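Subject: Structure handover

Hello,

I am passing on the structure we spoke about. Please open it alongside this message.

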Amino acid sequence: MTDIDAHRVVIVGGGAGGLELAAKLGRKFGPNHVWLVDKADGHIWKPSLHEVAAGTLDIHREGLSYFMLAKDCGFTFIFGELESMDRQQNQLFLKPVCSPGTREEIFPARSIRYDTLVLAVGSKSNFFSTPGAAEFAIALDSTEEAERFRQRLLHQLVTADRRKLAEPGYVLDIGIVGGGATGVELAAELLEACADAAFYGLNKLQPGTDIRITLLEGSGRILSALPEKMSAAAQQLLLDRGVVVKTSVRISEVRQDVLIDSEGRQYPVDLCVWAAGIEAPGFLKNLGLEVNRINQVVVDAGLRTSDPDIYAMGDCAQAPWHGSEAQQALPARAQVAHQQADFLLAAMAKRIRGGADAGERTFRFRDYGSLVSVGHSRGVGSLMGVLSGKNWFVEGLLARLMYMSLHLMHHLAVLGPLRTGSLALGRLLTKRGAPRVKLH
Ligand SMILES: Cc1cc2nc3c(=O)[nH]c(=O)nc-3n(C[C@H](O)[C@H](O)[C@H](O)COP(=O)(O)OP(=O)(O)OC[C@H]3O[C@@H](n4cnc5c(N)ncnc54)[C@H](O)[C@@H]3O)c2cc1C
């Protein structure tokens, strides 16, 4: 079969869900049938971005090259950003790829044919049109932004001693808007990173006294989507470590050095992270497919859009939560994207073999519970008992270890057991020769 004859499945977005689908499908059908498009050339599991931002995880060691993954897993990788498409001609149009520094063109604008398309482009932070938010706050949507935050944090930590001498009573203020899993995990990670920076002699600041981390949440409790017991445990852990937690606070304006809430109260900030909600990328609105108010493509229980050749999965899709009480949509979580990748394997295999997907299968999300990391040795979680169907509360090192195993499972799905094992061992050994936090 020539490349032209091969039924081509193009997956756009190589994140938590799309990459797992491409890897599993590629191993089965090979690079003529399976194509992956991503706007980045390296993959990182998005739930680790708060560690990149804090400097406790080095993107240059953790990131995986898509070109390497394509070779290993048997798919074709195309480096480029999807901009628009012609659904009548089954064509995707990619923007030119330019070098970040010089803006020199690396790849020209291209078009790609697809027979089946899977949209897996994830989500980004939703600023809810808050004045100043896009300009002054950093959102942890990509490795570039997480790295930008890390460099600004490092700069603040290095210059803090000097500022403290010049301004008596100076406190380094870090504001985090949004007390969901991202905000909570980032607050805990930053505490440890700031302590590590002082340990290595970058400054003489005392976290908790000279550094103030303020977590601002709009609803009545942090981790509001998770069980109350988890919220209370996570809040206590953060308070014990000196994080200031403010609930029922809606930020209505962001300025360079201050956050202002809807009551007019002000919160000084040297650095601000925005983690207060998500929306899918804006270009999805222009494809002629049905989207919801946060740009997610509406799909049926088989993850099919209104176009029979197009599927959507993960954060960029609004999929029905089969079996949920109030006809809810599935939450934007890595666990959902992971399970949807497994689900779509069969439909994609059928289409590659020349069959049609009549939508007879229903995606049923199996909720195993949620885990939140609250630092390197602590976590809190609520796990769904497999036999009992009840929620089990876990905390401490056990919860943290279980949390780490989620990342391992993603690597296993993408790299297979041998490479995952050697990578984990390699990282363990190199960690011994590196500082606990990235200092350059
Ligand atoms: C800091 C942080 C912590 C989190 N922690 C947790 C957690 O503990 N547990 C949990 O379940 N979830 C967590 N999440 C949410 C989780 O990361 C997402 O639900 C999950 O990554 C969604 O997977 P996805 O495949 O839909 O999209 P993503 O993993 O976001 O991948 C999308 C991919 O699409 C690519 N892309 C985007 N636009 C284009 C385009 N136009 N053209 C080509 N490529 C494109 C991107 O480069 C990216 O590779 C966290 C998120 C963040 C930011």
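Predicted model: local features only at pLDDT ≥ 70, side-chain atom pairs only at ≥ 80, totals over all residues.

The ligand site

There are 31 residues around the ligand, and those that come nearest are G17, D38, L82, D315 and A334. Sorted by class, this shell has 13 nonpolar residues, 11 polar ones and seven charged ones.

Domain 1 (9-123 + 280-352) and domain 2 (133-277) each give at least three residues to it. As for helices, at least two shell residues come from each of α7 (181-199) and α9 (334-352). Of the elements, α9 contributes the most, namely three residues.

A polar backbone atom of A16 is 3.0 Å from an oxygen atom of the ligand. For K39, a backbone N or O atom lies 3.2 Å from a nitrogen atom of the ligand. With Y66 the side chain is involved: one of its N or O atoms is 3.5 Å from an oxygen atom of the ligand. On its own the ligand has 1,000 Å² of accessible area, and the protein covers 88% of that.

To follow the pairing in the model, start with β17 and β18 (residues 258-261), which are joined in the antiparallel sense over three bridges. Within that pair, E253 has I260 of β18 as its bridge partner.

The five-stranded sheet

Another open sheet has five strands, with parallel pairing and the order β13-β20-β14-β15-β16. Here β13 (138-139) and β16 (244-246) are the edge strands; because each has a single partner strand, one side of each is left without a neighbour in the sheet.

At the β16 end, β15 (residues 211-216) pairs with β16 in the parallel sense, over three bridges. If you want a residue pair to display, L215 stands opposite V245 in β16.

That is the set of notes for now.

Best wishes

Notes
Residues numbered from 1 in each chain as written. Heavy atoms only, no water. Near = heavy atom within 4 Å. Polar contact = N/O pair within 3.5 Å; in protein donor to acceptor, adjacent residues only side chain to side chain. Areas by Shrake-Rupley, 256 points an atom, 1.4 Å probe, with all protein chains shown as cover. Helix = DSSP H or I, 4+ residues; strand = E, 2+ residues; numbered from the N terminus. Nonpolar A, V, L, I, M, F, W, Y, C, P; charged D, E, K, R; others polar. Domains from an automatic or database assignment. Pairing = 2+ DSSP bridges.
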